[in-house]
Amino acid sequence: MKILTVNFLTCAVKACKSSPLSFPLHFQDAELEQSDIEYNAAFLRNILPRVDWEALKITANELGFTTVPIEKPDLTPTSTATDKNPVRLPINTSEPQATDEKTMRDLHTLLLETEVREGKMVCGNCGHEYKIKEGIANFLLPSHLV
Amino acid sequence: MDYLIRFVQIRETFRRPEIEALALLANVNIDFLSYTENSPYSVVRLKDDVAAKMLIDRSISSKGIYELWGEGTTYDELHANVRHRSFSQWTLYQSCSFRFEFDTFSGSRTLAEQRSIIESFKYLGFNGPIKMKNSEQTFTIFEEYEYGNPNGPLRIFLGRFVGGSQRHVLNEYTLKKREYINTTSMDSELALLTANLSLAGEGKLFYDPFVGTGSFPIACSHFGARTLGSDIDGRMVRGRDGKDIKTNFRQYGLLSRYLDGLISDLTHSPLRKGRWLDGIIGDPPYGVREGLKVLGTKDGSRKEAVYIDGEAAHLQDKYIPPKKAYSFEAMLDDLLEFAAEMLVDGGRLSLWMPTANDEDVELGIPAHPCLELISVCVQTFNKWSRRLLTYRRVADSQVEDDLPVRQKMEMKGSTANDLNSFRKRYFEGFKTPLAGVSIEKPATGES
Ligand SMILES: [Zn+2]
């Protein structure tokens, strides 16, 4: 499971959704793997504004990564979606100055090329453990939690 | 400038919504000057060839687009219209290599007839070499006959080929050649159409909550989207015999675009709430065989954790979570609510659902105040049909408050059979086939 995906996951228990303790989930016994993923600046630019930066820093720290910038890179889109043209992605002819190429490449490596193959994710609110096996996390809940 | 779109004459209700979606994606303005469901030919107005090429490049419902040089109901009319409409263009193509082609719909022409018709266009004054392969320009004579009436075409067009569609990938993506499939894998052509309707594209993130063997994520990733899938059935996500969804992505060289597969249930989704998805595509299970299941207990009560040998049962590997019966309508409502919470403004939800082809059990089209219904496409089978519904997430500022939110049906302790009207009808058999319903042709029967 990719680190980017982890940033979009929280505890599946309904009662936990409102608790700030349920996000991000915390790793235990995580085994990591690196893979080669084709770099795509358009996707990174689109997705970074949706990444919860504080949660990413916690996750990265738990997994032993220290390369996450303290602040989210400033991607100041040159155009935002408008209602008339709701699907237009920000089109930048040049990389925004605030974000250099290296920062983007490092984020690509962390968010998309780093995967958790085995381990557990634990909810900080209810303590439920979600297992990850062969890179796939299981979020089905036992009967006392649904 | 006027252009002729050459549609495929199958799954007609998908065609115009697809082209409209592609116009939005390509950011081109399009006006339909003529379009009917019973013709493969549609005349549209576009800015120029560049717009026409961009529009048609991703299309699955059409074969190509042509600059319209003339139209008529007889050849006399056609020639007069060509002279009037395209006279100024003729000199542009005077010396390039070229060829003429015939495209007859519901009719046919002998080679001798074709030759004499082609010769009747001599006045265009093309002096370049005729090349049957790789010519610089291709001119096509389109003849549309009334079905079963060979006495001359109803409509004739002359067009100059401008751009081809995406249909050349269909052979590559066919399920017949895909490594990991099962009986519920969505047909690849329909999956690609769905991806177009939902505006899947470069840089975007798409999610399929009923991922199965990955048909929709593959189609979305073909068009450049990054994709995420989940399924309540862990066997689907994990794969079998060493083959899984990733095997498919690898087969198409798209592995970099597949983010992850999760084992999860839509009613207890682990996805963080927020507007971070560009698109959601799904073919929710109707539960025809087993009845729909979601996590939960039959009577709605919470149970105490069970311990076996001192370890909590639910933490053991062989643990099977409890599932309860769930109506299809309730699932659709949950899916729409989920989409409203997760989609970015302008993001789309495309979902498949059965129509059930019978006035008794016609399933209503689900509605949500934050989701504008964009298109309803229908695929008709022998005894039933299904719909592809596409919605657009409207900005919160544009949500109309007075739209009623459909009440959810809380059903406890019922059997799947009571809950799921479609499933009930399926087992009772659809008694009365509707008159006048056209039957889906096999994929190879396209014309
Ligand atoms: Zn929890």
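Me: How are the donor residues of the zinc ion spaced in sequence?

Reply: In this predicted model, the spacing of the zinc donors along the sequence is C-x4-C-x106-C-x2-C. The residues concerned are Cys11(A), Cys16(A), Cys123(A) and Cys126(A), each of which coordinates the ion through SG, at 2.3 to 2.4 Å.

Me: What makes the arrangement around the zinc ion tetrahedral?

Reply: Four donors count as tetrahedral if all angles lie between 85 and 135 degrees. The angles subtended by the four donor atoms here are 104 to 116 degrees, and the arrangement is therefore tetrahedral. The ideal angle for four tetrahedral donors is 109.5 degrees.

Me: Why does Cys123(A) count as buried?

Reply: Buried means under 20% relative accessible area. Cys123(A) has 3% relative accessibility, and so counts as buried.

Me: Why is Cys126(A) called partly exposed?

Reply: Partly exposed residues lie between the 20% limit for buried and the 50% limit for exposed. The relative accessible area of Cys126(A) is 34%, and therefore this residue is partly exposed.

Me: What makes β2 and β5 of chain B the edge strands?

Reply: The open sheet has seven strands, in the order β2-β3-β1-β4-β7-β6-β5 (chain B), with mixed pairing. Strands β2 (31-34) and β5 (98-105) of chain B each pair on one side only, and are its edge strands.

Me: How do strands β1 and β4 of chain B pair?

Reply: Two strands pair if at least two bridges are found between them. Strands β1 (residues 2-7) and β4 (residues 62-72) of chain B have five bridges, in the antiparallel sense. Ile5(B) has Ile65(B) in β4(B) as its bridge partner.

Key:
Residues are numbered from 1 along each chain as its sequence is written. Chains are lettered from A and ligands numbered from 1 in the order in which they are written. This is a predicted model: local features need pLDDT of at least 70, side-chain atom pairs count only at pLDDT 80 or more; totals for chains, interfaces and linings use all residues. Side-chain values use heavy atoms; hydrogens and water are left out. Helices (H or I, at least four residues) and strands (E, at least two) are DSSP runs, numbered from the N terminus. Donors are N, O and S atoms within 2.8 Å of the metal (3.2 Å for Na, K and Ca); water is not among the atoms, so sites may look incomplete. Four donors count as tetrahedral if all angles lie between 85 and 135 degrees; four count as square planar and six as octahedral if opposite donors are over 155 degrees apart and all others between 65 and 115; anything else is irregular. Buried means under 20% relative accessible area, exposed over 50%, partly exposed in between (1.4 Å probe, protein chains only).
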